[in-house]
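Dear colleague,

Here is the structure for you to look through.

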Amino acid sequence: MRRLATTLGVLGASVALTLGLTPSASAASGTLMIDGHVFRNPTGCNRSDAPGNPATLISNFTDSIAYVYSDPLCRTFIGIVMPLQAMGVKNAWSVRYY
C-alpha cells in the first residue's frame with residue numbers, strides 16, 4: 001500500500017510538472033524541516049543549510065506537497081514528500097512549494 005501511494009504521488013507530481021505548474025504566491029501553512037533546519041510557512045525554493053552536504057531527512061509538517069530537488073536551485077526534481085510526512089531522501093538539496 002505504501003509503494004502504491006508513493007507511486008501515485010510521484011506520478012501526480014510528474015503530470016503536474018509536465019503541464020507546467022507555475023509557482024503560487026501563497027505559502028504552505030506549517031513547518032518544513034530539512035535535516036533539522038526549520039522553515040515556518042515555507043514558500044518557493046528552500047535550501048539545505050548544510051554547505052557541501054545534501055539533506056538526508058525531509059519532514060513536511062505543512063498542508064502542501066513538498067517537491068524535492070537534487071540541486072540548491074530547485075531545478076532537478078527527484079521526488080515528493082506528502083503533507084504531514086517525513087521521509088529519508090538521498091542527495092536532496094532543496095524543497096519547493098507551489
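Predicted model: local features only at pLDDT ≥ 70, side-chain atom pairs only at ≥ 80, totals over all residues.

Residues are numbered from 1 along each chain as its sequence is written, and side-chain values use heavy atoms, with hydrogens and water left out.

The structure has three aromatic pairs (rings of Phe, Tyr and Trp, the latter by its six-membered ring, with centres within 6.5 Å; stacked if the planes are under 30 degrees apart, edge-to-face if over 60, tilted for the rest). One of them joins Tyr67 and Phe77: the ring centres are 6.3 Å apart and the planes at 45°, so this pair is tilted. Tyr67 is in strand S5 (residues 66-69) and Phe77 in strand S6 (residues 77-81), ten residues apart; strands are DSSP runs (E, at least two residues) numbered from the N terminus.

Tyr67 is buried, at 8% relative accessibility, while Phe77 is partly exposed at 25% (buried is under 20% relative accessible area, exposed over 50%, partly exposed in between; 1.4 Å probe, protein chains only).

Tyr67 also pairs with Tyr98, with centres 5.2 Å apart and planes at 75°, so that pair is edge-to-face. Tyr98 lies in the segment after strand S8 (94-97), so the pair ties together parts 31 residues apart in sequence. Tyr98 is partly exposed, at 23%.

Tyr67, Tyr69, Phe77 and Tyr98 make up one aromatic cluster.

Regards

Technical notes. Helix = DSSP H or I, 4+ residues; strand = E, 2+ residues; numbered from the N terminus.
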